[in-house]
Amino acid sequence: MNATAAVAAAVVPAAGRGERLGPGAPKALRELGGVPLLVHAVRALTRSRAVGLVVVAAPADGVAEVVALLDSHGLEGKDIRVVAGGATRQESVRLGLAAIPAEVGIVLVHDAARPLVPVEVVDAVASAVRAGAEAVVPAVPLADTVKRVEPVAGGPEPVLDTPDRATLRAVQTPQGFRRETLAGVHAKALAEETAQDGAGLPPVTDDAGLVERFGGRVVVVPGHEEAFKVTRPLDLVLAEAVLARRRAADAY
């Protein structure tokens, strides 16, 4: 892998509404410590010397707003591009990927709702791809016992079994990929959706899941407890506490 190909680009899909955080602005634009989640997430990526470009997939009607937002928070000197995202996360990643120069060989995909990911996690993911992995996810062991159930709407759900917790991991982002691997699985997924009109396809909630669906190999590197996803109001409270601790320690 040549020097240009070894420098990663990152895609940040940020076109979703994030309704579980309640009504208001899109989730990526909700504030944490007075700064939008998206700005925190992009800043975390730009702190890594492994990342040379960040592409943000913004709401289609909010590209100019996101450009101005990033510029107003001191990110105008970074190599950041903002493109119109799609109706789904998968489409937004695909559109972001299309904006990355062809010579870039490593692509990371990071959730805007994971604003506090430490730089060492970003570095570890990019390093694992550079070392030869085709798909890499950061993950942490589970603290809770997990039950697999038979879903029942509005009633008690029968337990089917209890997986061995030692074999389970909670997956985070950024996830890292060889460029050709990520582009290939997205192309296959799009062709599959077109052929079946989207019907009957099992849900995939991350890009590593697409790699798995089409027979690729995904490996795990250690994640970090502070790289959690801000999805519900309680997550935002926890994120505020983590941010306040970092600022008190001059670590942010």
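**Exercise 1.** How many helices and strands does the secondary structure of the chain comprise?

*Solution.* The model is predicted: local features need pLDDT of at least 70 and side-chain atom pairs count only at pLDDT 80 or more, while totals for chains, interfaces and linings use all residues. Residues are numbered from 1 along each chain as its sequence is written, and side-chain values use heavy atoms, with hydrogens and water left out. Helices (H or I, at least four residues) and strands (E, at least two) are DSSP runs, numbered from the N terminus. The chain comprises eight helices and 12 strands.

**Exercise 2.** State how compact the chain is, and give its extent.

*Solution.* The radius of gyration, taken over C-alpha atoms, is compared with the globule rule, 2.2 Å times the number of residues to the power 0.38. The chain has a value of 18 Å, close to the 18 Å given by the rule for 252 residues, so it is as compact as a globular protein of that length. Along its principal axes, the C-alpha trace spans about 55 × 40 × 35 Å.

**Exercise 3.** Is Ser92 buried or exposed? Locate Ser92 and list its contacts.

*Solution.* First, the location: Ser92 belongs to helix 4, residues 89-98. Next, the burial: buried means under 20% relative accessible area, exposed over 50%, partly exposed in between (1.4 Å probe, protein chains only). Ser92 counts as buried because its relative accessibility is 2%. In the chain, 44% of the 252 residues are buried. Finally, the contacts (heavy atoms within 4.5 Å): apart from neighbours within four places in sequence, Ser92 touches Val11, Pro13, Ala15, Ala57, Gly85 and Gly86.
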